[in-house]
Amino acid sequence: MTVLLLLLCCSVVGAVCFAAGAANARRARYVLGAGYVRGARRRGSGGRGGWGEGPGPDSDTVERATFQTLHTASLAAPPLRAGLAPDTARKAVRRLRPLLGTQSLALTGLDGVLAWEGTGEHHGEELAAHVEKAVQAGRSRTFSVDCDRADCAVRFGVVAPLTAGGRPKGALAAFGSHDSAAVARATEEVARWVSVQLELAELDRARSSLIEAEIRALRAQISPHFIYNSLAAIASFVRTDPERARELLLEFADFTRYSFRRHGEFTTLAEELGSIEQYLELVRARFGDRLQVTLQIAPEVLPVALPFLCLQPLVENAVKHGLEDSVDRSLITIAAVDEGSAARVSIEDNGVGMDPERLRRILHGEGGPTTGIGLRNVDERLRQVYGPHEGLVIETGVGAGTKITLRIPKYHAGVHAEAPATRR
């Protein structure tokens, strides 16, 4: 964030300095005044405030110019955060050209011009060679433009390379009517700011890819044995109780449809609990009265958004340690209560439990490549979304069962559930 602010400040200074080279006299007077004020402040003359004596722009003028520059940059940032493509580049240059005040501005990729704003677009093919040289050199370059067209005022250009993750992505090119060192400096600073936006875009994509990979890992945890056993249980009812078999088959279809859906990073507590109920119904078809589940859900927390497939692995863990690892009756309690700004969800079982030290190793990824993927995955995702202090709280001991508690904030930036899926 500090780097971004510094770059924005550089963009402000660069844009203001660039205007000094323009034909607009009012802008030129403002730039010279701003430069004088900055010089006086460095010298420390003039007593209070360090502003010094002599002519200069009033503070309101400087503040308005600074605000306008930052506002323009903030409007150009969202398209760039989506990556460098023709549509995003077109939106960005439309905002960035007024920031620089150039006659034309272009954003290019490594394969050609993505967007051009202003006059002189017929120089696009000529620009490609200059972009290639700037990218290879890793620094900006200026060049003269020869044009025989009477309606074209472009005679000077500057190209600044764009990078992200240490790799070249394209270039920012500005064009004017005459050579200007101020234009070159301003374009270079704005190109650095654009590169920061592209870097953030890559980080966003990497985060999305990581989350998708984590969801795929959770889906892979849906045991093939569970699928086989569920279908076998359904088959056992086909002749004896066809209606029961039909209901279980529909539950199985809804469960798999929810678990393997392709859209939405977040869901609602109601949707997640609905899928869990279907999962438990399929487990009951196999184990019958050996499984007893108690639900204690406060209605006001049902719309709360949470990461997709966040609770289901925890319930599967409770079933595994309660039924498959013991011969006694399994008692599972799922509770969700309202705590004002958050919902507190707990899943408790009376299973075989676990050694706390072994649990610690699992949560730190030291339990083996296939051990505790569900628990560790959910814990990491909660911390990524809500912060480092919002992971799982697990109480367990050998032979003492397990209780897993998580706190889900009702309102958190970036956490929005998809529209609930249609259920039977």
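First, the ground rules. This is a predicted model: local features need pLDDT of at least 70, side-chain atom pairs count only at pLDDT 80 or more, and totals for chains, interfaces and linings use all residues. Residues are numbered from 1 along each chain as its sequence is written, and side-chain values use heavy atoms, with hydrogens and water left out.

Start with the antiparallel sheet. It is open, has five strands, and runs in the order β2-β1-β5-β4-β3. Strands here are DSSP runs of E, at least two residues; helices are runs of H or I, at least four residues; both are numbered from the N terminus. Two strands pair if DSSP finds at least two bridges between them. Which strands sit at the edges? They are β2 (113-118) and β3 (141-144), and each pairs on one side only. Neighbouring strands of this sheet are turned by 20 degrees against each other on average, direction ignored. The axes behind such angles are lines fitted to C-alpha atoms, for helices over the stretch in contact; angles run from 0 to 180 degrees between N-to-C directions.

Now the β1 end. Strand β1 (residues 104-108) pairs with β2 in the antiparallel sense, over five bridges. Leu107 stands opposite Ala115 in β2. Helix α4 (residues 86-100) packs on the sheet and touches β1 and β2. Its direction makes about 35 degrees with that of β2. Contact means heavy atoms within 4.5 Å.

Two residues from this region. Gly118 is in strand β2. Gly118 counts as partly exposed because its relative accessibility is 35%. The cut-offs: buried is under 20% relative accessible area, exposed is over 50%, partly exposed is in between, with a 1.4 Å probe and protein chains only. Leaving aside neighbours within four places in sequence, Gly118 is in contact with Arg97, Gln103 and Ser104. Gly118 and Gln103 are 15 residues apart in sequence, and their C-alpha atoms are 5.9 Å apart in space. Next, Arg90, in helix α4. Arg90 has a relative accessible area of 42%, so it is partly exposed. Its C-alpha is separated by 8.8 Å from that of Pro79, 11 residues apart along the chain.

On to the mixed sheet. This open sheet has five strands in the order β7-β9-β10-β12-β11. The edge strands are β7 (291-297) and β11 (393-396), each pairing on one side only. The twist averages 10 degrees from one strand to the next. β11 and strand β12 (residues 402-409) pair in the antiparallel sense over four bridges. Thr396 stands opposite Thr402 in β12. Helix α9 (residues 269-287) lies across β7, β9 (330-338) and β10, at about 165 degrees to β7.

Asp349 is in strand β10 (residues 342-349). A polar atom of the Asp349 side chain lies 2.8 Å from the backbone nitrogen of Gly351. Leaving aside neighbours within four places in sequence, Asp349 is in contact with Ala318, Leu331, Ile332, Gly401 and Thr402.

Last, a backbone item. Leu309 is in the loop between β8 (305-307) and α10 (312-324). Its phi is positive, about 55 degrees, although Leu309 is not a glycine. Buried or exposed? Leu309 counts as buried because its relative accessibility is 2%.

Notes: Polar contact = N/O pair within 3.5 Å; in protein donor to acceptor, adjacent residues only side chain to side chain.
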